[in-house]
Amino acid sequence: AATMCSAGQWEGRPYAGGGLLYSVERFNGDVTDDTGDADFDNSVGLFLKGGYFLMEDPVILAVEGLARYHHKYEASESIHEDAGFGFGGIDADGSIKVKGYDITVNGKVLVPVTQQILPYGVFGVGMARFTADIDASVERAGIETEVISDSETENAPIARFGAGCDWFLS
């Protein structure tokens, strides 16, 4: 049977946690190719967080640091265009792999349901750093092959807002 939290159970206590992450790609047309938006796979990753419960009654207020690592969003494309008249054509293969991390400081409002289950709302700010590795090969008329490899890293401020549910083991 679930029991409600007792008064003073959370206030003044630190906490830490972590787990697996599944990130849905939302590049929104920022990365395109000649056929339209590149079709990226979603990413898996890890997250670590730690925080401190500032006060409780009637809700719990906490401050939290969150770090997330996104292993790899990936898109690939193959194109073949025939030049006609027996002149061969162009064969191109390419891929883009994007990986990175973000770190935020968040404010949380938690509403205790039981001693272990706490739904919450969150808002925070921080920074993100992502690297895109681009590899491509282009063969023209079956004779000349060009290999292209490039990497680009970007840093950007981010905002985090949302809702969820924390499950505490103790």
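At 36% relative accessibility, Ile 148 counts as partly exposed, a class lying between buried (under 20% relative accessible area) and exposed (over 50%), with a 1.4 Å probe and protein chains only. The structure is a predicted model, in which local features need pLDDT of at least 70 and side-chain atom pairs count only at pLDDT 80 or more, while totals for chains, interfaces and linings use all residues. Residues are numbered from 1 along each chain as its sequence is written, and side-chain values use heavy atoms, with hydrogens and water left out.

Ile 148 belongs to strand S8 (residues 144–167). Strands here are DSSP runs of E with at least two residues, helices are runs of H or I with at least four, and both are numbered from the N terminus. Leaving aside neighbours within four places in sequence, Ile 148 makes contact (heavy atoms within 4.5 Å) with Ile 134, Asp 135 and Ala 136. The C-alpha atom of Ile 148 is separated by 6.1 Å from that of Ser 137, 11 residues apart along the chain.

Stepping back to the whole chain, there are 8 strands and 0 helices, so the order from the N terminus reads β-β-β-β-β-β-β-β. Among contacts with a separation of 6 or more, 67% join residues 24 or more positions apart. Of the 170 residues, 26% are buried. The chain exposes about 11000 Å², of which carbon and sulfur atoms supply 58%; accessible areas come from the Shrake-Rupley method with a 1.4 Å probe, and for residues only the protein chains shown count as cover.

What lies inside? In soluble globular proteins, nonpolar side chains tend to be buried together. A nonpolar core is taken as a set of buried Ala, Val, Leu, Ile, Met, Phe, Trp, Tyr and Cys residues joined through side-chain atoms within 4.5 Å. The largest such core has 10 residues: Trp 10, Tyr 15, Phe 53, Ile 60, Ala 62, Leu 110, Leu 118, Tyr 120, Val 122 and Phe 168. Strands S5 and S7 (117–140) each supply at least two of its residues, and S7 gives the largest share, with 3 residues. A second, separate core of 5 residues includes Tyr 73, Ala 75, Val 98 and Ala 132. Within the largest core, Ile 60 touches Trp 10, Phe 53, Met 55, Lys 108, Val 109, Leu 110, Pro 112 and Leu 118, not counting residues up to four places away in sequence.

Aromatic rings also meet. Rings of Phe, Tyr and Trp (its six-membered ring) pair if their centres lie within 6.5 Å, with planes under 30 degrees apart called stacked, over 60 edge-to-face and the rest tilted; the count comes to 5 aromatic pairs. Trp 10 and Phe 53 form an edge-to-face pair, at 5.1 Å centre to centre and 65° between the planes. This pair links distant parts of the chain, 43 residues apart, with Trp 10 in the segment before strand S1 (14–23) and Phe 53 in strand S4. Both residues are buried, and together with Tyr 15 and Phe 168 they form one aromatic cluster.

The peptide bond from Asp 57 to Pro 58 is cis, with omega near 0°. Asp 57, a residue other than glycine, has a positive phi near 110° and is exposed at 66% relative accessibility.
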